[in-house]
Amino acid sequence: MSGTVRLKHMESRETRTRLRYCLAILAMLFCVLSVAAQERVVYGKVTDRRTGEPLVGATVTVSKGQGGTTADANGRYRLVVQGPQRVQLDYHYMGYRPERRELLVRDSLKCDVLMESTAKELHGITVIARSEIRKLRESAMPVSVIGEHQLQGTASNINDVLARTVGVTVRNTGGMGSASRISVRGLEGKRMGMYVDEAPMSQLSNFVALNDIPTNMIERIEVYKGIVPYKFGGSALGGAVNVVTKEYPPVYLDASYEVGSFNTHQLSTVLKRTDRKSGLQFGIGGVFSFAKNNYKMTLDNLDGRTVERDHDRFSKLMGGMSLKATKWWFDEMKWELIGMRTRQEIQGIDLDVREAYNHSVSYVTSLKLKRNNFFLDGLDFDFDAGYIIGIYGLSDKAMHRYDWDGTQLPPVSPFGGEQNNFPSDGNNRSNELTSKLNIGYTIDMHHAVNLNIYADRTSLHPKDDLMDKALGFKANFPSKMNTVTVGFSYDLTLFDGRFQNAFTLKDFFFSSHSRSINTYSVSEPEPVDVSKTYIGFSDAMRYKFTNDLMLKASFNSEVRIPTSEELIGNGYSILASPALKPERTTGANLGLLYRHVKDYGGLLEVELNGFYNQLEDMIRFTPDMIPTMARYRNFGSVRTKGVELEMKGDVCRLLYLYANGTYQDLRDVRKTVPGTEVENPTRNMRIPNVPYLLANFGAELHKENLFGGSGQNTRLLFDASYVHQYFYDFEMSKYQERKIPTAMTMDAAIEHSFGDDRWTLTLKVKNLADRHVVSEFNRPLPGRYIGFKLRYLFK
């Protein structure tokens, strides 16, 4: 009996022990869950108080050893702290005064910090690091900067963003993938320099446009007007657009997908991974774009008939990889390899084109080397090299044509074709080698010099046996062109950085080898060699009256070397123009800029610019006397003058507004018809097909956690654009009808991000009122577009 009692007692004791263990485990689990429940997130952005630029790599530490972090490529940081409690955050960045914030953390909260640059004083002597001196060399030329926020709004691509920039006009000929031209202050096309991370696109622009670069991958876009920065190289005239891609944190994944009207699909992704020990960064990414562009269009050339675009399908596939080293002897060593494939159907306007299309395949490889203090303190070295292979052509072999009633018509030749006067089955090849060397030396805080050398070698190898057969003679022949531009610049900084001046002297050299067909008879093309040299210069200055108010002035007399297409043609449909003269421009700009950063980080900016420009030997594309052929010729002199005004800023913490307007007056100032003594009938008339009055307006309302929760942000966006009517012929009479009507379009979007910006949903509507809009030569543009975009960001 007693044994039974002892056994029951032991079982009871074991039961109590197990119960205590369970209670202890539950208590520990409760404590862990309680601690986890007490974790709070403090996040925000660290920026320069004066410029508003993000401070990449700024350190943020928490008091009492609770850890820390660094700001990413956008200046953003994120910390997990225990709460509720009071915490002390310390912010540090080299060359800036440390900042401290005392916070009561009850829930997750946002804390943005503005840091102020400092100069150390030692016994009355100011000591400034050379990196700070480089910052003082702020550009004195007129420039508009488009930030990441504007890129992620209602815009679907770069062209949408540029079209809202003061002084910039973007003219598309259709929907996605259509030809487009960017002009700054009326100077457009090949006069504009297109750059990606300061590297000229050059021949690459024949295969990829700026518009093909996903906005997710862009940190900012710089639009330079009148003067192109000397470090860019090349011979652009009217200005330049430079797309600056993002610098990525150690681990980064960005993927987005947009689907929209007219069967539009856009997919882009980029993955970056950095090995902290070796400093090697591996990257891979790709872009796929597809659109049927099957919107309704009204054909003004056919009595206002409305039809659906049925042969405008566009597809583009881009893929690339990169390898970047930051801990080797060079501060940055980067290699990239990119491949692209494009197929674009040709939409008819006068006739219903059903088969013709353009196609291209291209491969690009590039190498970038960069080092500060290159063998000498204050000497900076920057080298870029690239090689481009392109295979492209027009396929136009249809044996029938059709009008919009479906009536069958014969082809343009017995060998087929829907366009021009001959068929085509092009399989052309181009090769281009580019290199750019930029060496800058900061002598002291007042003086700096820079040497830039840009070289380009292009060779064309056209092949189109079907065209040659239809023409009855060989019209395809190889050609090549070499260009070298050397620029020497001197920067002067005085009065504690209030005055800055940049003077640049350039030498332009080009040579070409091509063949030229006699204008009056078709014979065997004769070899033509050309070699020429020109000199140009520019000067830009800036004076700060206060930290907020500055005056800018610039003057330039520069040269633009003809492109390979202009000078040596394309080997088939465009003839060589060996006698073509380079364009020369003489211009001036005077501007006033007020820029004020508010205490909470808000920005107010007002800029007024007046400009004048005289363009000599303007190059235009014109038909030739030989059927099916065309070539570039020097048009003569064109004068431009105008004014632009832009205002933008944060009305309060929640509301941002912008508005801008541009008036640009381009006139034909030729006294006589070129090559004759006949008085020019269009003298002092406005240059046709160039808009002269433009305006834009936009608003953004942003609020954190608008729908409750935490780590969320909502933006409501609205953009409006106005283009006054203009003629696409010389205005000989106010009653003529050949004009492009006034266009007023509006776009809107709602963007919501959550998970501390990891997920972003965007609903956008373009051409909100579904207006009938046409571009140059009355090309119908898409109506209302509705798109939805999903983006995932991991970093």
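The side chains of Thr585 and Asn613 are joined by a polar contact of 2.3 Å (a pair of N or O atoms within 3.5 Å; within protein, one must be able to donate a hydrogen and the other to accept it, and residues adjacent in sequence count only if both atoms are side-chain atoms). This is a predicted model, where local features need pLDDT of at least 70 and side-chain atom pairs count only at pLDDT 80 or more, while totals for chains, interfaces and linings use all residues. Residues are numbered from 1 along each chain as its sequence is written, and side-chain values use heavy atoms, with hydrogens and water left out.

**Around Thr585**
- Thr585 sits in strand β37; strands (E, at least two residues) and helices (H or I, at least four) are DSSP runs numbered from the N terminus.
- With 1% relative accessibility, Thr585 is classed as buried (under 20% relative accessible area; exposed is over 50%, partly exposed in between, with a 1.4 Å probe and protein chains only).
- Setting aside neighbours within four places in sequence, Thr585 has contacts (heavy atoms within 4.5 Å) that include Leu237, Asn556, Glu558 and Asn613.

**The largest cavity**
- Seven cavities of 30 Å³ or more turn up in a search of the whole structure; a cavity is a set of points on a 1 Å grid over the protein atoms alone where a 1.4 Å probe fits but cannot get out, and lining residues have an atom within 4 Å of a point.
- The largest cavity holds about 170 Å³, with volume taken as the space filled by probe spheres set on the points, and points joined across faces, edges and corners.
- Its lining counts 18 residues, with Arg185, Gly226, Phe611, Tyr612 and Asn613 nearest the centre.
- β37 (583–597) is one of the strands that supply at least two lining residues each, along with β36 (549–560) and β38 (603–623); β37 gives the most, with four.

**A five-stranded sheet**
- An open sheet of mixed pairing runs in the order β11-β17-β18-β15-β16, where two strands pair if DSSP finds at least two bridges between them.
- β11 (143–147) and β16 (199–200) are the edge strands with a single partner each, so one side of each has no neighbour in the sheet.
- β11 and β17 (residues 218–225) run antiparallel and are joined by five bridges, and Ile146 stands opposite Ile221 in β17.

**The whole chain**
- The chain has six helices and 47 strands, and 49% of its 795 residues are buried.
- Of the contacts between residues at least 6 apart in sequence, 63% join residues at least 24 apart.

Note on methods. 1 Å grid on protein atoms, 1.4 Å probe; cavity = no way out; pocket = protein on both sides within 12 Å on 5 of 7 lines; lining within 4 Å.
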